[in-house]
Amino acid sequence: MSFILDTALGNAAPFPFHSGPVPQPYELALTPEFIQQTRVRARNYKPSIDLRNSSDSEWFDEPPAKTISALAKYWAEDFDWYEVQQKMNSDFSHYTVTIPKTSRYDAELPLHFVHERSSDENAVPLHLLHGWPSTHQELAKVIKPLTSPENISTKSFHTVAPDIPGFGFSPSPPIIDGDSGPDVGLLTGSNMRPGCAITSAKTAIRTRLLEY
């Protein structure tokens, strides 16, 4: 599943974040307070009025009220974040890093990313960028097949999949100029060696990365 935290709105991150210029292993852990606040929000959800009488059984200009009400009830009463969080931690190796200021960007960039290495040391480094708004979880189903393909003759990749700034477990940075696909690719990929291929969930971006 994908999730977007309040960091996108500039609020304090509801999770610990280890800052520093060297990537550090990281375990996802939302604060219990944030989880409880989210449940309260879902419990207090008030659906809008359907735009027409028959729209409670079909998607007209918006989701039917009964569909969204059922979803809110599920989030408030049945959804188990801790189970999802445990699976995310066990599925991938997570890291945090703070990318230093550059001549182009005058603010440090706190970043969470998944890094999975292929058993083939000659595998190609691949930087995966999710769409907007979303998180690295959008790519969860393709990371393992890329790093460990079933067919041993298939090319494998060392993958890095960050949460773009302000989404997932990457805290919101100060406002910076340049937030296009290539800009985000250059920023989040600055700790990868030159020549790495960058792919976006929306647009394929091919560029050479700067070393830091």
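This is a predicted model: local features need pLDDT of at least 70, side-chain atom pairs count only at pLDDT 80 or more; totals for chains, interfaces and linings use all residues.

Residues are numbered from 1 along each chain as its sequence is written, and side-chain values use heavy atoms, leaving out hydrogens and water.

**Salt bridges**

- The structure has four salt bridges, meaning a side-chain nitrogen of Lys or Arg within 4 Å of a carboxyl oxygen of Asp or Glu.
- One of them pairs Glu 77 with Lys 73, with the closest N and O atoms 2.9 Å apart.
- Both Glu 77 and Lys 73 sit in helix H2 (residues 65-77), four residues apart, or about one turn of the helix. Helices (H or I, at least four residues) and strands (E, at least two) are DSSP runs, numbered from the N terminus.
- In an α-helix there are 3.6 residues a turn, so residues three or four places apart point the same way.
- Glu 77 is exposed at 51% relative accessible area, and Lys 73 is partly exposed at 48%. The cut-offs are under 20% for buried, over 50% for exposed, and partly exposed in between (1.4 Å probe, protein chains only).
- Lys 144 and Glu 116 also meet in a salt bridge, at 3.4 Å from N to O. Lys 144 belongs to helix H4 (residues 140-147) and Glu 116 to strand E3 (residues 109-116), so this pair ties together parts 28 residues apart in sequence.
- Lys 144 is partly exposed at 38%, whereas Glu 116 is buried at 10%.
- Arg 117 and Glu 121 form another salt bridge, with their closest N and O atoms 3.1 Å apart. Here Arg 117 is partly exposed at 46% and Glu 121 is exposed at 58%.

**Helix H3**

- Which residues of helix H3 (residues 81-91) are buried? They are Trp 81, Gln 85 and Met 88.
- These residues cover an arc of only 60° around the axis, so they lie on the same side of H3; the arc is taken from the directions from the helix axis to the C-beta atoms.
- The buried residues of H3 pack against helix H1 (32-43) and strand E2 (94-99), with contact meaning heavy atoms within 4.5 Å.
- On the face turned away from that buried side are the exposed residues Glu 83, Gln 86, Lys 87 and Ser 90.

**A cis peptide bond**

- Most peptide bonds are trans.
- Trp 132 and Pro 133, however, are joined by a cis peptide bond, with omega about -5°.
- Pro 133 is in the loop between strand E4 (124-129) and H4.
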